[in-house]
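Happy to walk through this one with you. Let us take it one question at a time.

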Amino acid sequence: MIRWLGGFAWFVVDWARACAMRRPPPGRVMEEAFRIGVMSLPVLLTISIFVGTNLALQGYNAFVPLGGQRLVGMFVALAGVRELAPIIAAAMVAAKAGTEMASQIAVMKTREQVDALEVMAVNPLWWLVTPRLYGIVLVMPALTVISIFTMVAASYVAATVQLGLNGAVFLEFARNATSGFDLVAGVVKGFVFGIVICFVSTYCGFASTKGPEGVGQATNSAVVISSVACVSINYIVSQVLYG
Amino acid sequence: MDEPIVFTGVSKRFGALTVLDDVSLSFQRGQTTAVIGPSGTGKSVLLKHIVGLLHPDSGTVSVLGVDMARAKDKDVYAVRKRLGMLFQDGALFDSLSVGENIAFPLQRHRADLSTKRQRERVDQVLELVELPGLYDRPTSALSGGQRKRVGLARAIVNEPEIVLFDEPNSGLDPMTSDAIDHLIHDMKAKLGITFVVISHDIVGTINVADRIAMLYQGKLIANGTTAEVVRSEHPVLRRFLGRNLVLPEPGDDGLPRLPSI
Ligand SMILES: Nc1ncnc2c1ncn2[C@@H]1O[C@H](COP(=O)(O)OP(=O)(O)O)[C@@H](O)[C@H]1O
Ligand SMILES: [Mg+2]
């Protein structure tokens, strides 16, 4: 754990030293952003929809027996917009894009392609990490916002159609509970989670042992470590913003 | 500078394992030096010191006048731009086609060449490695021998001064193997490139090497011209050369003659 953290910290410092002031490889940032977005979007939409419907259902179960029908919208907005949407976006991007980053780099390492980059005088951190980092930082905030709206929309539909609540009241309470600030906070969370997922996943790839087992292990650690890191960071950020 | 690569007292350990033990060795400009030894003796480790992928625990490795372990990144990269390396299995990028793989060093480092000129250069080296017209072929569709030739094409496309080969003949059919030997021979004659060939198979290197250095258990146990080394009486060397190695007749220059295909 300490060894891993040390290696990870060096990795980030190495990247920052070699690449932070350097323009990314031409054309590759948009390519990565597009890939990450397209890859993660279907699963993110699906999960957001069903988390949204169930938020409405459990909000209903919690508040309606107490006569607090109007609170369902508020509950959905607070839990969904502030917490669940950003964390679900992070988890899905870690599961789709993060694992792919880790496995691609681990495979390249196994097949000596990372060494080949070095020998061809191309810094592998610049060539492999920079485009993925800028790409994920571009799309993560957008994915987070998409997840927020999808989740609220799905709850709205479930609340009105399935549970028979008043739509206007639902929206009014949802809107009053949250503000533009929460959207900004979601965007910031997405931004931070994107950076974490990218560095963790690419590091897992670079630190992997050579061979098929190394690739599997790198992929596995990438999703586990980045999810745990994002959830922990989310806890801290929410404590600071909302605690 | 007649010795573009100089190892001075280089030692390298991995944990308790000493892989290179006080190795001093220099490589002559315009010559082909074979570094031979049984599998696992540290030949690849030696090669990785030349390109700066590994750093010695003690001693220095100087390439084109740059200390590869202590110089600044910028200077190390500057040296790497002047050398080419063929990896054991080619190390081609899976996401790129054959031609894109070969064009990679040009795209990165030769902004002075137009796309058209780069393409011409790639077609030229494809011809040289006897794979004309394969520019658009995905690398997944290549055989082992073809991968190696593409790796070789990529290694030489930017006209390096030094070319390094890690086991160029291993896992190849004799035809491809011979073709690579001939390529090394031709390029050396034409371009005056310094070659370093790593091999566990001396028979495969005798035809191309001007000089042979032998590593055994981390130590350099022989180092000289090919003619000297194959006649050496060193017991390990004799054993490694094998009882039934039949030497080709020497040519006028005293070196074994290159068999013709
Ligand atoms: N990065 C490394 N870490 C630990 N051990 C290594 C590393 N690279 C090589 N070795 C060990 O060094 C020895 C020599 O390896 P190598 O140079 O690949 O042999 P070969 O002569 O067959 O090319 C082997 O025992 C290998 O396991
Ligand atoms: Mg080797």
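**Surface, fold and two residues**

Q: How much accessible surface does chain B have, and what share belongs to carbon and sulfur atoms?
A: Areas here come from the Shrake-Rupley method with a 1.4 Å probe, and for residues only the protein chains shown count as cover. On that basis the accessible surface of chain B is about 11,800 Å², and the share of carbon and sulfur atoms is 49%.

Q: What should I know about the model and its numbering?
A: This is a predicted model, where local features need pLDDT of at least 70, side-chain atom pairs count only at pLDDT 80 or more, and totals for chains, interfaces and linings use all residues. Residues are numbered from 1 along each chain as its sequence is written, chains are lettered from A and ligands numbered from 1 in the order in which they are written, and side-chain values use heavy atoms, leaving out hydrogens and water.

Q: What radius of gyration does chain B have?
A: The radius is taken over C-alpha atoms, and the globule rule is 2.2 Å times the number of residues to the power 0.38. For 261 residues, that rule puts a compact globule near 18 Å, and chain B agrees with it at 18 Å.

Q: Is S199(B) buried or exposed?
A: S199(B) sits in strand 8 (residues 194-199) of chain B; strands (E, at least two residues) are DSSP runs numbered from the N terminus, as are helices (H or I, at least four). Leaving aside residues up to four places away in sequence, S199(B) touches V35(B), I36(B), G37(B), K43(B), E167(B) and T205(B). Buried means under 20% relative accessible area, exposed over 50%, and partly exposed in between (1.4 Å probe, protein chains only). With a relative accessible area of 3%, S199(B) is therefore buried.

Q: How far apart in space are V192(A) and I233(A)?
A: V192(A) belongs to helix 7 (residues 180-206) of chain A, and its relative accessible area of 29% makes it partly exposed. In sequence, V192(A) and I233(A) are 41 residues apart, while their C-alpha to C-alpha distance is 8.8 Å.

Technical notes: Contact = heavy atoms within 4.5 Å.
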